[in-house]
Protein chains: 2
Amino acid sequence: MPKGGCFLLTYTLSSEDGRPLYEQLCGCLRGDILSGRLPSGTRLPSKRSLSGNLGVSSITVESAYNRLIDEGYVRSEPKRGYFVSDLSGRELHPASAPAVSIRLPESAADSPLNLSGTRPPAARFPFSVWAHLMRETINDKGEALLLPTPCGGVRPLREAIAAHLRSFRGMSVDPDQIIVGAGTEYLYGLLIQLLGSNRVYCLEDPGYPKIAQIYASNGAVCRWAPMDEAGISVAGLEAAGADVVHISPTHHFPTGITMPVSRRYELLSWASAAPGRTIIEDDYDSEFRLTGRPIPSLQSIDTDGCVIYMNTFSKTLASTIRISYMILPPALANRYYEQLSFYTCTVSSFEQYCLARFLSGGWFEKHLNRMRLYYARLRRELLRVIADSPCADRLTVLERDSGLHFLLQIRTDLPDALLLQKLRDRGVGLLPLSVWYRRPQDAPDHTFLISYSSLSPDDLRRALSLLSEIL
Amino acid sequence: MPKGGCFLLTYTLSSEDGRPLYEQLCGCLRGDILSGRLPSGTRLPSKRSLSGNLGVSSITVESAYNRLIDEGYVRSEPKRGYFVSDLSGRELHPASAPAVSIRLPESAADSPLNLSGTRPPAARFPFSVWAHLMRETINDKGEALLLPTPCGGVRPLREAIAAHLRSFRGMSVDPDQIIVGAGTEYLYGLLIQLLGSNRVYCLEDPGYPKIAQIYASNGAVCRWAPMDEAGISVAGLEAAGADVVHISPTHHFPTGITMPVSRRYELLSWASAAPGRTIIEDDYDSEFRLTGRPIPSLQSIDTDGCVIYMNTFSKTLASTIRISYMILPPALANRYYEQLSFYTCTVSSFEQYCLARFLSGGWFEKHLNRMRLYYARLRRELLRVIADSPCADRLTVLERDSGLHFLLQIRTDLPDALLLQKLRDRGVGLLPLSVWYRRPQDAPDHTFLISYSSLSPDDLRRALSLLSEIL
């Protein structure tokens, strides 16, 4: 393009673009100036020639030029015309097609036969009901869907959750104690803001490493207390100097331990023994306990307001529907409304109202019953596959009555690392219990996680026959 | 209920409950034990008499009793029968109907004629399109909706956002730079985790107080730099010792100032002058600029990777649809994927795919154009109402070319507090600019916010005639 010369610019402007023509033209010129296609000092075409070339009025061109002058991209020289300014020598080229080199996180390479995967089963989501309820929600609620919602979530959803907890868990909860949020991970962050990042948060060892990541990422101090056969050890809590303890007493992951009533009372006593001690009760898959004893939640036997109860619909409904909730004891609920009510609820009101209908219309209970039946049958089949496998005498199933996984002990002289390597070579994915321990050497040997939420009996049969060859 | 005596318990068990009968019975008994209706020491009915009374098999009753024994609620005495245990004297009464006294946050009492309300207008959301796209999404995507999504959001949505930014804002963005989250408030929290809570975050004064609340609640230090007519003062940033500056250069709230190109380059120079300095560019209502100049975003002229761009669909679509996004420069995107990719995306995949369709199908652009036309017309009418009002000679409109609000200066000898009180007494809500200042005395006198996103010309006419009476 001849510097200072005269030339024709060709842009495609469209009356269907929605923006006025002069604005479109302005955008094209600005883009070319920023990208360097029109270097500084370039003389722009006259208004008349450009308007003729583009088939627009010269007022359109004039408006565009004037705006670019206002913005500093173009200068006008009397009697000479319009020139691209040099903007005091600044580097104007934007990172056009940005030389971006982004390394995405590695997704765990899935083995063809993954025995420890925790992906929830597809094909079990009630799509047609959900689609129907969503349409109904949009039709019935209409503009009410656009109104600001309470920071804790829309009332019908919180009432439906309270009713569900009453009938399903025997819990007595005021809807105002319930705070709805986009996933438990988000709620953990809120809790740290509510309780303070200067408290000592104590977690179960073994346990989900992600919980520790979230606390640490939010600036809180994490410590760990060991598990015994009844759940987290109260002596361990004392030793750790814990202020807040985060547990999943209904069904601990990965051990599958259900905390008995006696330990629950011990924990409540621990919490009551010093002001500000708090128990976060993560009840994430209580709905899927199949044969275990539905022991009352800590929340329901807490008389001192020390327990925060959390649960999620991501486990029971679909992991991609991000709706979780927490139940705050009254004093903390009041603190929440005083300190954190400036936060807008993170769940779209469309989905909140839809889920409220799903709950109060009885669909959720039906869905849970169907899933429990499905999982119970699957579990029976998987256990039979194990019992019938060629290496059955070397296999012991631990914690059978847990939710969506159990532990498998393999009697072998092979070190675990070698066993897993040999399995991996044959396309079988299996995770040792040590993965969830702070110090892997604390984990029991030869103990592995079988997650059956997305495992078929045929896959397990194939995997076990490969295991037999190795053993 | 006679302690130690014999009596009949009556519960309604139902085969349609979904749970086995023994489990239902167990729940009823446990509930009565916990609530104190069955005090410790109470002898329970014999298996035979209870099974007869309830019309269930005695095996059902036996299973329920055995479970309660396992749980420790009941003990069995040979030849004597079953008794409610006293659980080592512990207080068992749950907070039944919890004596909850929760003080909800006060919602700002809305005046009948609220001139400064910022509620987005209802009745403008494309309900039928959205309902249609949601059904289409559920039908077409099916089980794909249940698959785990990338931590930054589903690919089609991030591609659609990148394409929208390219055509609408002339921005060149790699979809992997985009992180989708449930509202900008949530993303601010993520940013603090990414950048560190030990940095000095600098905000605009005046500005949204909520932004400061969020930073403070996440443990970050906030400072403020004053605005001049070109936006935040770079000297003010230096004086504050800022590491990170959070600004809305396209259209500052509440002043309506659009930062000119020259100040943008000054800011970029400030950011480049020391390692780790970062600009958070909050472009929250760039789509609604009606007559202003679409100056390029800081992100698009940033060559050093200092700018994080943020925007939201909550302003353009519906405040109750919680979908926002941020664009990280490549180095920060990599840090995000390394450090924070354990977080699950907080937006339901149903809404993500639905919004992707809304964007790529051209519905969003149509919606924006309709809204811009609507607001432009409304703005013209409101300005005419002001010009025609009985007190027109005392009124000056400032920053007319801004998005969804403008400032109104009222020439009066009344102190603002008195003026506002008199207006309030007549049912007119109006907010002075000082509300958004760190030190109210720094605000210009007699300057008020008129937010026209949900204001009708008739309301304004009525309010101005009441104002005339006062003046």
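Tyr284(B) has 10% relative accessibility and so counts as buried, the limit being under 20%. The model is predicted. Tyr284(B) pairs edge-to-face with Tyr208(B), whose relative accessibility of 31% makes it partly exposed. The points below cover aromatic rings, helix packing, selected residues and backbone geometry.

**Aromatic rings**

- Over all chains, a search of the whole structure finds 41 aromatic pairs.
- One of them is Tyr208(B) with Tyr284(B), with ring centres 6.4 Å apart and planes at 75 degrees to each other.
- The angle lies over 60 degrees, so the pair is classed as edge-to-face.

**Helix packing: H6 and H7 of chain A**

- Helix H6 (residues 184-195) and helix H7 (residues 209-217) of chain A have axes that come within 10 Å and cross at roughly 40 degrees.
- That angle makes H6(A) oblique to H7(A).
- H6(A) and H7(A) cross with right-handed geometry.
- From H6(A), the residues Glu185(A), Tyr188(A) and Ile192(A) take part in the contact; from H7(A), the partners are Lys210(A), Ile211(A), Ile214(A) and Tyr215(A).
- By class, the contact of H6(A) with H7(A) comprises five nonpolar, no polar and two charged residues.

**Helix packing: H2 and H3 of chain A**

- Helix H2 (residues 47-54) and helix H3 (residues 58-71) of chain A have axes 8 Å apart, at an angle of about 120 degrees.
- H2(A) and H3(A) are therefore oblique to each other.
- The crossing of H2(A) and H3(A) is right-handed.
- Lys47(A), Leu50(A) and Ser51(A) of H2(A) touch Ser58(A), Val61(A), Glu62(A) and Tyr65(A) of H3(A).
- The contact of H2(A) with H3(A) is made up of three nonpolar, two polar and two charged residues.

**Ile214(B)**

- Ile214(B) belongs to helix H7 of chain B, and its 0% relative accessibility means that it counts as buried.
- Beyond its neighbours within four places in sequence, Ile214(B) is in contact with residues of chain A, Phe342(A) and Tyr343(A), and of chain B, Glu185(B), Tyr188(B) and Ile192(B).
- Tyr186(B) is 28 residues from Ile214(B) in sequence, with a C-alpha to C-alpha distance of 9.0 Å.

**Arg155(A)**

- Arg155(A) is part of helix H5 (residues 155-169) of chain A.
- With 35% relative accessibility, Arg155(A) counts as partly exposed.
- Leaving aside its neighbours within four places in sequence, Arg155(A) has contacts with Pro175(A) and Asp176(A).
- Arg155(A) and Arg462(A) are separated by 307 residues in sequence and by 50 Å between C-alpha atoms.

**Cis peptide bonds**

- In chain A, the bond between Asp205(A) and Pro206(A) is a cis peptide bond with omega of about 5 degrees.
- Pro206(A) is located in the loop between strand E5 (200-205) and H7 of chain A.
- In chain B, the peptide bond from Asp205(B) to Pro206(B) is cis, and omega is near 5 degrees.
- Pro206(B) is located in the loop between E5 and H7 of chain B.

**Positive phi at non-glycine residues**

- Lys79(A) is not a glycine, yet its phi is positive at about 65 degrees.
- Lys79(A) is placed in the loop between strand E1 (74-77) and strand E2 (81-84) of chain A, and at 91% relative accessibility it counts as exposed.
- Lys79(B), also not a glycine, has a positive phi of about 70 degrees.
- Lys79(B) is placed in the loop between strand E1 (74-77) and strand E2 (81-84) of chain B, and at 89% relative accessibility it counts as exposed.

Key:
Residues numbered from 1 in each chain as written. Chains lettered and ligands numbered in written order. Predicted model: local features only at pLDDT ≥ 70, side-chain atom pairs only at ≥ 80, totals over all residues. Heavy atoms only, no water. Axes fitted to C-alpha atoms, helices over the stretch in contact; angles between N-to-C directions. Helix = DSSP H or I, 4+ residues; strand = E, 2+ residues; numbered from the N terminus. Parallel < 35°, antiparallel > 145°, perpendicular 65-115°, else oblique. Left-handed = near helix turned anticlockwise from the far one by under 90°. Contact = heavy atoms within 4.5 Å. Nonpolar A, V, L, I, M, F, W, Y, C, P; charged D, E, K, R; others polar. Phe/Tyr/Trp six-rings, centres within 6.5 Å; stacked < 30°, edge-to-face > 60°. Buried < 20%, exposed > 50% of the residue type's maximum accessible area, 1.4 Å probe, protein only.
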